[in-house]
Every structure is written in C-alpha cells, then in structure tokens.
Amino acid sequence: MAGRWRSRFIDQVRIYVKGGGGGQGYPSHGGVGGRGGDIYVKASKEATMRDFKTKKRYSAGTGENSRIRALQGSKGSDVTIKVPLGICVTTDEGHNLGDLDQQGQEALVAKGGRGGCHSNNWSGEKGQRRNIKLILKLIADVGLVGFPNAGKSTLLKALSRSQPKIADYPFTTIRPQVGIIGYPDQRQISLADLPGLIEGAHMNYGMGHKFLRHVERTKLLLFMVDVHGFQLSDRHPFRSALETVMLLNQELELYKPELTSKPAILALNKMDMDNAEEYMQHTRQCIQDRNFASIPEELRAKSAIAFEDIIPVSAKEGLGMDLLKQRIRIVIDDYEEKLKEQDQKEKAGHG
C-alpha cells in the first residue's frame, strides 16, 4: 500500500470529520451540558498531503456533562487539521467550505453538538459528521501551458538559470516543478511547469483536471508551443502551431471559460531549427489578425485568448529569454496593479 501511495499523483484526499457530542444536562438543578468540540481545517506551510497517508478520520472532544460541582459543563476540545497552502475544502456534494491560500487561514468543517439543556430535554446533541474533500490547487505566479514535448522543462531551466526547484507543494513522485525567475532588483516570480496536457483534458483524459485545476490560481498563463507543430504519437493527428494554440485555448475554455480571460503570453519555441522564422511569422500574423479560417471548426475555441505578446524563443539555445523575462514581469505587475485598483474601488463602494 505504501508503494502505491508514493507512485500516485496526489492532489486530493477525502477525510471523515466528526464534531464532538454535547454533554448531558442536569435537569433537577438546571445544569447545562458542555458543547461538543468543533473541527477546523487550517493552512500551514509545514503541512503536506502525505500527512493523510494513514490518518483519515478526525473526531473532536465530547462536551462535559453537567454535575453538582460544575453545573455548566466545559466545552469539548476542538481539533485543528493542518493542510498545505492552496487547499480548497469541499463537501462530497461539491459545496465549498473554504479556500485556504494564506498561512493561518482556517475553515470550520464540523460543528460540535449542543449540550443538554431545557430546549432539548437535557440530552446532549450529536456533533456534525460528514466526509470532506481537501483539493490542492497549486499557487504560482505563472503557469506553463503546453502539450508534452513543447520544451516546457527546458524553458523553465533557461528562465530560472538553474535546475528547477521541486516545489514544497506535497504531491508525491510526480510533482509540478517550480522555478524561480530572479531579477537584478531581487524581485522573484514563480513559474510552474505542470504535467503536460493532452487533447481531451477537459474531459479528464490524461491528467485532465489534475492539470487544469492548478492553472486556476496563477496570475499569468505562459503558452509554450513548438513553432513547427506537434504530434502526440503516430495514432494522433499532426497539429500545426496555430492549431496547437487553439487546442490549448479550447481545453482551458471547456474546463472553465473564465480561464481564457487570464493574462497570457505565447512563446513560440524551437526557433533554432529549420524554417522556424517562416512558421513563426505565419502563426503570429494569424493570431494577431484573429484569422482562424484554416482551423477546423471542431478545434476552435469560442473565445480566443488575447495574448499580451507573442515571443519567438529557443529554450535550448537561450534565444529570447531576456525579452520573455521582461514581458512576464511587466504583465504580472500590470495585472497586480489592476487588482489593487479594483480592490480599492470595492472598498470605497462599501464605505
């Protein structure tokens, strides 16, 4: 069993939580039983998904019974379950109980039962009990989007000028790689290379939702496409660079339409190879003119992503890396500035 746990891509676990039962009342003296303990889920930088390898059931303490020496029973002990940052807590039915993105954020997931009193005939009530899901969504500034073999890992190494750091996000063997782009003024931007998409990812083919889920919380999407086109295998059709861009666009749109409105940059890779300039010019012109007449209808997204920039690069040779780094920073800074302005407007409106 341990071996199987290590080999799986773990970004979701299901656990059982049970609030404490209320203590019994003391009717002849009007004594009230203590309330049962509550269960909270709390974001912690020290926590990992591995913590749930063996323990998947959590119960809070029972409220104290009322007695002659203490007519008001003490509350049962609370339980706090620590989880990694980036956890979305939901019920089995998909109801959101909380998004825990910041250190110390917490969500109440199971309430303790009321203690025995006059209104419940002095009998302590059962605590809330249910299964909940802890769904991990990677938090990074930039999410690399591309089909397998587009050169994403090579780009990550070139941009971060080092071997990519393996993130502290506690997936098991297959982990997203997170590189840190450093700037002369000490600014740092995190860039996540996530497991590659395949056609049909929105229907959960391949790693499907496991990939797309992690794209949601990034500030910028960096599309990485082989300028010469792409073919997953002999059994799959060849896709031109333009078709590849549209397919990636479509996969994001079909999973969650809002993703197509995120800021995005397109990097056309492998510019060091033959005929690259010709392919690049054609692809860039079609995207800028929004000319998708050559794309089969079934491959077209309803809402084409408006790229902030289209940059020719060679991750292998280092071509275009400085420009790409600059544009990543500018787009993210603009995005964060807009968020601040929006937040200030909302606060002013509430004021």
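1. Two strands count as paired if DSSP finds at least two bridges between them. Strands (E, at least two residues) and helices (H or I, at least four) are DSSP runs, numbered from the N terminus.

2. This is a predicted model, in which local features need pLDDT of at least 70, side-chain atom pairs count only at pLDDT 80 or more, and totals for chains, interfaces and linings use all residues. Residues are numbered from 1 along each chain as its sequence is written, and side-chain values use heavy atoms, with hydrogens and water left out.

3. An open sheet is formed by three strands in the order β4-β2-β7, with mixed pairing. Strands β4 (79-83) and β7 (106-110) are at the edges with a single partner strand each, so one side of each has no neighbour in the sheet. Strand β2 (residues 39-43) runs parallel to β4, and five bridges join them. Within this pairing, I39 is opposite V79 of β4.

4. Two aromatic pairs are counted, where rings of Phe, Tyr and Trp (its six-membered ring) pair if their centres lie within 6.5 Å; planes under 30 degrees apart are stacked, over 60 edge-to-face, and the rest tilted. The ring centres of F52 and Y58 are 6.5 Å apart and their planes are at 70°, so this pair is edge-to-face. F223 and F307 are also edge-to-face, at 5.1 Å centre to centre and 85° between the planes.

5. The charged end of K55 sits over the ring of Y58, 4.8 Å from its centre; this requires NZ of Lys or CZ of Arg within 6 Å of the ring centre and within 35 degrees of the ring normal. K325 has its charged end over the ring of Y183, 5.6 Å from the centre.
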